[in-house]
Amino acid sequence: MTEKRSGCPINLSLEVIGDKWSLLVIRDMTFGNRRYFRELLTGSEEGIASNILADRLQRLVEAGLITRAPDPHHKQKVIYSLAEPGIQLVPVMAALGSWGRRHLPVSRELSIRAELLERGGPELWERFMDELRELHLGVERPDGAGSVLAELTEAYLAEAARADA
């Protein structure tokens, strides 16, 4: 185990997710439902290098934020899933998105999900985390539970279409 700088919870959290790429990998798994290496590599507009992605995936697995398992549908692929600690980062990402919307020059289409998460508050975050538990951990939700991921994706696609028009 690597020596930690201190026992401060903020320090320890930053040692796990505070580098340039780890939280973006979690973001793409959470909001983009990207579960495969190639999806994570090509789906992020920030342009992560393949060696950096491989390193961050390994670190996130070791830290217990994501899991790695053989893909049951393709023998040569692995599928990454959010573990419970990764899912519980939704409120953190909502807070970061809210802060970024207020203080940084964000684009409308890339900030719409943050706006919806902010407006929806903890009740929406809980529904979203329940949906992520179903997608990544196989925990069933009640019938009729709507898809927060679909709502966020539709809002993003609508804003992206407006920006392209």
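Reply: A residue is called buried when its relative accessible area is under 20%, exposed when it is over 50%, and partly exposed in between, with a 1.4 Å probe and protein chains only. Buried residues make up 36% of the 165 residues in the chain. The model is predicted: local features need pLDDT of at least 70, side-chain atom pairs count only at pLDDT 80 or more, and totals for chains, interfaces and linings use all residues. Residues are numbered from 1 along each chain as its sequence is written, and side-chain values use heavy atoms, with hydrogens and water left out.

Me: Which helices and strands does the chain have, and in what pattern?

Reply: The chain has eight helices and two strands, in the pattern α-α-α-α-β-β-α-α-α-α along the sequence. Helices (H or I, at least four residues) and strands (E, at least two) are DSSP runs, numbered from the N terminus.

Me: What makes the chain as compact as a globular protein of that length?

Reply: The radius of gyration, taken over C-alpha atoms, is compared with the globule rule, 2.2 Å times the number of residues to the power 0.38. For 165 residues the rule gives 15 Å, and the chain has 16 Å, which is close, so the chain is as compact as a globular protein of that length.

Me: How do you know that strands β1 and β2 are paired?

Reply: Two strands pair if DSSP finds at least two bridges between them. Five bridges join β1 (residues 66-70) to β2, and the two run antiparallel. Arg-68 stands opposite Tyr-80 in β2.

Me: Why is strand β2 called mostly covered?

Reply: Four of the five residues in β2 (residues 78-82) are buried.

Me: Why is Tyr-36 called partly exposed?

Reply: Tyr-36 has a relative accessibility of 21%, so it counts as partly exposed. Tyr-36 lies in the loop between α2 (22-31) and α3 (37-43).

Me: What is Tyr-36 in contact with, leaving aside its neighbours within four places in sequence?

Reply: Contact means heavy atoms within 4.5 Å. Tyr-36 is in contact with Asp-71, Lys-77, Val-78 and Ile-79, its neighbours within four places in sequence being left aside. The C-alpha atoms of Tyr-36 and Ile-79 are separated by 5.3 Å, although the two are 43 residues apart along the chain.

Me: What is the phi of Asn-33?

Reply: Most residues other than glycine have a negative phi. Phi of Asn-33 is near 50°, a positive value in a residue other than glycine. Asn-33 is placed in the loop between α2 and α3, and its 29% relative accessibility makes it partly exposed.
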